[in-house]
Amino acid sequence: MHSLALFLVSLLIASFDALASNSGPSNNKICSLTASGSDDAPAFLRAIQDTSCSTVLIPATTILDIKTRMNMTGVSDKHIIVQGTVRFNPDLAYWTETGNAFSFSFQDQVAFWLLGGKNIIMDGGGTLDGAGQAWYDAFAKNSSLARPIILTLFQATNITIQNLRMINSPEWVNFVNEGQDITFRNITISAVSTSKNAAKNTDGWDIFRSDNVVIDSSVVNNGDDCVSFKPNATNILVSNLACNGSHGISVGSLGQYPGEFDIVQNVTAINITMSNAQNGARIKAWAGKGVGSGIVKNITFSGFVESNVDNPVIIDQCYMTDADECAEFPSNTLIQDIWFDNISGTSSGKEKAVVASLSCSPDGRCSDVNVNNLNLTAPSKYGAASFSCQNVQLSGNAASAFGKCKNTG
Ligand SMILES: *[C@@H]1O[C@H](CO)[C@@H](O)[C@H](O)[C@H]1NC(C)=O
Ligand SMILES: *[C@@H]1O[C@H](CO)[C@@H](O)[C@H](O)[C@H]1NC(C)=O
Ligand SMILES: *[C@@H]1O[C@H](CO)[C@@H](O)[C@H](O)[C@H]1NC(C)=O
Ligand SMILES: *[C@@H]1O[C@H](CO)[C@@H](O)[C@H](O)[C@H]1NC(C)=O
Ligand SMILES: *[C@@H]1O[C@H](CO)[C@@H](O)[C@H](O)[C@H]1NC(C)=O
Ligand SMILES: *[C@@H]1O[C@H](CO)[C@@H](O)[C@H](O)[C@H]1NC(C)=O
Ligand SMILES: *[C@@H]1O[C@H](CO)[C@@H](O)[C@H](O)[C@H]1NC(C)=O
Ligand SMILES: *[C@@H]1O[C@H](CO)[C@@H](O)[C@H](O)[C@H]1NC(C)=O
Ligand SMILES: *[C@@H]1O[C@H](CO)[C@@H](O)[C@H](O)[C@H]1NC(C)=O
Ligand SMILES: *[C@@H]1O[C@H](CO)[C@@H](O)[C@H](O)[C@H]1NC(C)=O
Ligand SMILES: *[C@@H]1O[C@H](CO)[C@@H](O)[C@H](O)[C@H]1NC(C)=O
């Protein structure tokens, strides 16, 4: 009690000092936000841009109504405590008008909010709410509707995002774009539609042109990739996730755009529970005429426990390309030093008895692919599990389960 009181007194003094001297970023002023009844974006933005506010607090009782875009790039040394809710008003007419949401040429993504700069912590136990239902319903009628991402870390360094819920994103939940030294921990993601229209493309995380990213101890319930490693995602650790209803932990798709070179290197995904999903551990790369190139190197998928997953283990290096075209134009995105270790569970039976499919392009485009301790079964009505492979030489103690790989070259 005594030390708590002392702590509170010292906080008050610090905050009083900061107010009195107005002495720049090295102080401890806490700037608390309240709901205004109209658009709360300008006040949130002002508090973040005010260098005298080292901490920006959204108290538990506050629901900020965000009606206009927030450019919080170039911020430094900031602690954002979200105890309440930041809710993005689903005014589709506003957000889809050109110039309102932020736009990225990469996969035509758009965003409500950019957060960037350095040394930022965002936590607090509160909620980021994408109010996605109106978006899910409108997208069902208009498949070119540009739906915003909730949280985009843009040109961000040394950022920790933790202890938050992120709900009902209209599209991707987290986009890490041109960042480094970024950690997400204890994030609970849920994107669930209450109508017949699914919550589509609600990837948990997409990592693009970013280095040294950790995603740990989080729960994801969504309708697309749990985590996706896009071009130039390097040195990534994804650990202790429970993913439900997703499209899996996915490398790619890569090598899609002609003239571009995509790198995904040094990725470990470990201790993953994957349930009711389209894929478990996945790598996909384009082949065919007029696509791009790249390299996928040193990727480890380890300690996956899967249930009701269509493709528990999958490499597709002829992504979106039929067999004949893939034979004529094999993928120029090479796949090297890949480890599928300690993966257990059952498939959904969508691929009948097949529980693992490692399909490379012909002509030696995959090398050093290792499979160890795969304990995968298909639903019993399909009989013994079947493991398939194409155009690849497998190593490891589970290689024999695959038998001789098909050669299409
Ligand atoms: C965001 O703000 C920064 C200044 O901090 C500016 O340089 C940048 O152009 C803005 N971005 C957009 C997309 O408006
Ligand atoms: C990273 O940010 C944290 C919190 O904002 C800060 O304490 C730490 O010193 C920063 N690290 C570096 C290397 O700047
Ligand atoms: C569909 O969405 C796109 C992109 O947001 C927009 O330009 C277009 O006008 C919409 N179409 C209809 C019929 O609403
Ligand atoms: C995880 O975050 C939730 C809020 O989403 C919080 O209630 C809980 O205490 C956090 N857990 C840990 C271990 O910090
Ligand atoms: C998990 O996903 C399935 C399929 O999308 C869904 O039916 C189920 O409600 C989800 N479970 C939880 C706990 O959210
Ligand atoms: C990825 O990084 C490589 C090497 O730095 C670069 O040549 C390439 O253009 C980058 N690709 C993308 C999509 O940023
Ligand atoms: C492979 O990637 C892991 C991180 O996922 C890294 O620790 C390790 O050093 C890398 N190995 C090589 C040979 O690059
Ligand atoms: C991958 O990790 C190895 C070993 O730590 C390192 O030498 C290499 O530079 C890393 N590759 C990339 C693209 O960061
Ligand atoms: C993975 O789980 C094992 C067993 O629970 C644990 O010992 C290990 O620390 C975990 N690995 C990571 C990177 O969290
Ligand atoms: C295999 O994965 C399970 C589930 O994540 C974990 O409990 C176990 O420790 C792992 N074993 C090894 C040898 O990595
Ligand atoms: C394989 O998984 C099943 C459950 O799916 C488990 O009962 C069995 O012990 C596992 N076998 C090995 C060798 O880990």
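1. The model is a predicted one, and the count of aromatic pairs in it comes to 16. Among them, the rings of tyrosine 94 and tryptophan 95 have centres 4.8 Å apart and planes at 75 degrees, and because planes over 60 degrees apart count as edge-to-face, this pair falls in that class.

2. A stacked pair is formed by phenylalanine 106 and phenylalanine 208, whose ring centres lie 3.9 Å apart with the planes at 15 degrees. Since phenylalanine 106 lies in the loop between β6 (102-103) and β7 (110-111), while phenylalanine 208 belongs to strand β14 (residues 205-208), the pair ties together parts that are 102 residues apart in sequence. Both phenylalanine 106 and phenylalanine 208 are buried.

3. Tyr94 and Trp95 also belong to a cluster linked by ring pairs, together with Phe44, Phe88, Phe112 and Trp113. A contact of another kind involves phenylalanine 139, over whose ring the charged end of arginine 147 sits, 3.5 Å from the ring centre.

4. Around ligand 10 are Asn271, Gly303, Val305 and Asn342, a shell with one nonpolar, three polar and no charged residues. A polar side-chain atom of asparagine 342 lies 2.5 Å from an oxygen atom of ligand 10, and a polar backbone atom of glycine 303 is 3.5 Å from an oxygen atom of the ligand. Ligand 10 exposes 360 Å² when taken alone, of which the protein buries 35%.

Notes: Residues are numbered from 1 along each chain as its sequence is written. Chains are lettered from A and ligands numbered from 1 in the order in which they are written. This is a predicted model: local features need pLDDT of at least 70, side-chain atom pairs count only at pLDDT 80 or more; totals for chains, interfaces and linings use all residues. Side-chain values use heavy atoms; hydrogens and water are left out. Rings of Phe, Tyr and Trp (its six-membered ring) pair if their centres lie within 6.5 Å; planes under 30 degrees apart count as stacked, over 60 as edge-to-face and the rest as tilted. Helices (H or I, at least four residues) and strands (E, at least two) are DSSP runs, numbered from the N terminus. Buried means under 20% relative accessible area, exposed over 50%, partly exposed in between (1.4 Å probe, protein chains only). A charge sits over a ring if NZ of Lys or CZ of Arg is within 6 Å of the ring centre and within 35 degrees of the ring normal. A residue is near a molecule or strand if one of its heavy atoms lies within 4 Å of it. A polar contact is a pair of N or O atoms within 3.5 Å; within protein, one must be able to donate a hydrogen and the other to accept it, and residues adjacent in sequence count only if both atoms are side-chain atoms. Accessible areas come from the Shrake-Rupley method with a 1.4 Å probe; for residues, only the protein chains shown count as cover. Ala, Val, Leu, Ile, Met, Phe, Trp, Tyr, Cys and Pro count as nonpolar, Asp, Glu, Lys and Arg as charged, and the others, Gly among them, as polar.
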